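Hi,

Here is the structure I said I would pass on.

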Amino acid sequence: MTDAPIRPAATVLLLRRDGSEPRVLMGMRGAKAVFMPSKYVFPGGAVDATDDAIPLASGLGPTCAARLRAEGQNPDAIAAAALRELVEETGLMIGRPGAQATTLPGYADAGLLPDASALTYFFRAITPPGRPRRFDAHFFLADANRLSGDPDDFGAACDELSHLHWVALSEARQLDLPFITEVVLAELASVARGLGPDEAIPGPATVPFFDNRGTAPAFRQIA
């Protein structure tokens, strides 16, 4: 059997720190979904061919962009996909006013452009062989303080994710999770530990990467 092609994808981890403990936004995929049915995941999905044409109020920071370019990726397209998937699946936006117009749902009505400067490249993982769909997933971390609007308003979300809610990091790993989501949550908990509610989230010294392109899985760090 021929393996499914590997498609680039982008995912957003929204970290919220306005309560008694840090929380992250998660939702559950449908029971009939081809990829990861009934699993709790972060908002995200495949990069579309038109994502590189989405105007951004600001691009990724220079370190994040350089890491993606070094891995053969288009930073603007990956970041735009992350913010597009976020608004489609949750109704939440990270944006600010810009000189260009956009047709992106939510942003157009609010007069905003997606703001990739709020995203930090945090993790990368390629789906192992033998799965019905395979993705080269780029995980971005963002502070929920950068959201434009009410962080609890999911009224404009599509139906791809159900049970959208902010999950305490101490409880998230008790959900039904894909293996890679468990790994990313552990990394996130390590970063969030000890951070104050207004303290800037530090960027990682290196980006962990589960690489399943070859015949044997490899784990390395993107410098």
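This is a predicted model: local features need pLDDT of at least 70, side-chain atom pairs count only at pLDDT 80 or more; totals for chains, interfaces and linings use all residues.

**Glu71 and its contacts**

The side chains of Glu71 and Arg220 make a polar contact at 3.1 Å (a pair of N or O atoms within 3.5 Å; within protein, one must be able to donate a hydrogen and the other to accept it, and residues adjacent in sequence count only if both atoms are side-chain atoms). Residues are numbered from 1 along each chain as its sequence is written, and side-chain values use heavy atoms, with hydrogens and water left out.

Glu71 sits in the loop between α1 (62-70) and α2 (75-90) (helices, H or I, of at least four residues and strands, E, of at least two are DSSP runs, numbered from the N terminus). Its relative accessibility is 18%, so Glu71 counts as buried (under 20% relative accessible area; exposed is over 50%, partly exposed in between, with a 1.4 Å probe and protein chains only). Leaving aside residues up to four places away in sequence, Glu71 touches Arg124, Phe209, Arg220 and Ile222 (heavy atoms within 4.5 Å). Ile222 is 151 residues from Glu71 in sequence, yet their C-alphas are 8.5 Å apart.

**Cores**

The largest nonpolar core has 38 residues, and Leu14, Leu60, Ile94, Tyr107, Leu119 and Phe140 touch the most other members (a core is a set of buried Ala, Val, Leu, Ile, Met, Phe, Trp, Tyr and Cys residues joined through side-chain atoms within 4.5 Å). The biggest contribution to this core comes from α2, with eight residues. A second, separate core of 24 residues includes Phe42, Ala125, Ala137 and Leu195.

**Rings**

I get five aromatic pairs in the whole structure (ring centres of Phe, Tyr and Trp, the latter by its six-membered ring, within 6.5 Å; planes under 30 degrees apart are stacked, over 60 edge-to-face, the rest tilted). For Tyr121 and Phe140, the centres are 5.6 Å apart and the planes at 35 degrees, so that pair is tilted. Tyr121 and Phe140 are both buried. Phe123 and Phe210 are stacked, because their centres are 6.1 Å apart and their planes at 25 degrees. Phe123 is in strand β7 and Phe210 in strand β10, so this pair ties together parts 87 residues apart in sequence.

Cheers
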